[in-house]
Amino acid sequence: MPAAKTAMKTDRRERDENSKALKKSVCLILPIALILGGCAGKDPSVDQSAQDGKESPVSIADGTTTDSSIETQTDASGSRVSGLPSIDRSRSSSYRIYLTGPDPVSAARLYRNYRMGQGDFMTLEQKAQSNPDIRKLYGAPFIYLWGEFLISPNDIDWKAFRQAADSPLTEYLSSFAGSQENGPEFTAALEEIKKQDYVAEYQKNTVCSYLSQLLKREDFWDPSVFTQHSPAMTELLANLVY
């Protein structure tokens, strides 16, 4: 009997903990849903909140009419003050909260099924009837770049860069300084690097910022300057579209 009582207490404790966890998930996601849902205008929005490794709460806003525009006013001192609009209690919003798998695909499938149920789901091919460019999305990769620069400090061999500070290539890079916003900073950093046996962090960031801007210029590439090619670079150049 004592063992049975202990088991019953354990089961009750587990149920209470699961109930508390579910309530906590709903309390965490509902404020987020209210904020993000209001940004959707009249269209439903979906939000996937923090994942616990097993399941993830997802909210869908049903055609909310909440106004999330920013209001800007002028105070007594003449300063411009911006903020969210006051709550209009005459408006209402409704949300659906689901528990799905802890991955974006589960949330996407749930939202797709929701739109199908609402009768407003369209395939890409249907959308392409009015916008043929949509067909370019079929099989296209999505590439994300993080950070401010196209070139980061980890992409450069700084010992080799410092040793080549007086080379013709570096002189070519410096020739654009007069027309670049951060050109003076690059020139100053380069002169400092020539006198040092190291490259400081701020100098690395200055160089990376300058080179990242150069790579965006249409007149940057000059075959007469960049004459040394690795096998990989040669292959890329052969397929380059100008």
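Reader: Start with H6 and H7. Which residues does each helix span?
Author: H6 covers residues 183-194, and H7 covers residues 201-214. Keep in mind that the model is predicted.

Reader: How do their axes sit, in distance and angle?
Author: The axes of H6 and H7 come within 9 Å. They cross at roughly 135 degrees.

Reader: Is that oblique or roughly antiparallel?
Author: H6 is oblique to H7. Roughly antiparallel would need an angle over 145 degrees.

Reader: Left-handed or right-handed crossing?
Author: The crossing of H6 and H7 is left-handed.

Reader: Which residues in H6 and H7 meet?
Author: From H6, Gly-183, Glu-185, Phe-186, Ala-189, Glu-192 and Ile-193. They meet Tyr-202, Gln-203, Thr-206, Val-207 and Tyr-210 in H7.

Reader: How do the residues of that contact divide into nonpolar, polar and charged?
Author: The contact of H6 with H7 has 6 nonpolar, 3 polar and 2 charged residues.

Reader: Switching topic. How many salt bridges?
Author: The count comes to 7 salt bridges.

Reader: Stay with H7 for a moment. What does Lys-204 pair with?
Author: The side chain of Lys-204 meets that of Glu-201 in a salt bridge, at 3.5 Å from N to O.

Reader: Where do those two lie?
Author: Both Lys-204 and Glu-201 are in helix H7. They are 3 residues apart, about one turn of the helix.

Reader: And Lys-204, buried or exposed?
Author: Lys-204 is buried, because its relative accessible area is 17% and the cut-off for buried is under 20%.

Reader: What about Glu-201, buried or exposed?
Author: Glu-201 is exposed, with a relative accessible area of 51%.

Reader: Next one. What is the partner of Asp-120?
Author: Arg-115 forms a salt bridge with Asp-120. Their closest N and O atoms are 3.1 Å apart. Asp-120 counts as partly exposed, at 35% relative accessibility.

Reader: And which residue does Asp-219 bridge to?
Author: Asp-219 forms a salt bridge with Arg-217. The closest N and O atoms there are 3.0 Å apart.

Reader: What is the relative accessibility of Asp-219 and of Arg-217?
Author: Asp-219 is at 45% and counts as partly exposed. Arg-217, at 23%, counts as partly exposed too.

Reader: Which residues do salt bridges with shared partners join into one network?
Author: Asp-166, Glu-191 and Lys-194 are joined that way.

Technical notes
Residues numbered from 1 in each chain as written. Predicted model: local features only at pLDDT ≥ 70, side-chain atom pairs only at ≥ 80, totals over all residues. Heavy atoms only, no water. Axes fitted to C-alpha atoms, helices over the stretch in contact; angles between N-to-C directions. Helix = DSSP H or I, 4+ residues; strand = E, 2+ residues; numbered from the N terminus. Parallel < 35°, antiparallel > 145°, perpendicular 65-115°, else oblique. Left-handed = near helix turned anticlockwise from the far one by under 90°. Contact = heavy atoms within 4.5 Å. Nonpolar A, V, L, I, M, F, W, Y, C, P; charged D, E, K, R; others polar. Salt bridge = Lys/Arg side-chain N within 4 Å of Asp/Glu carboxyl O. Buried < 20%, exposed > 50% of the residue type's maximum accessible area, 1.4 Å probe, protein only.
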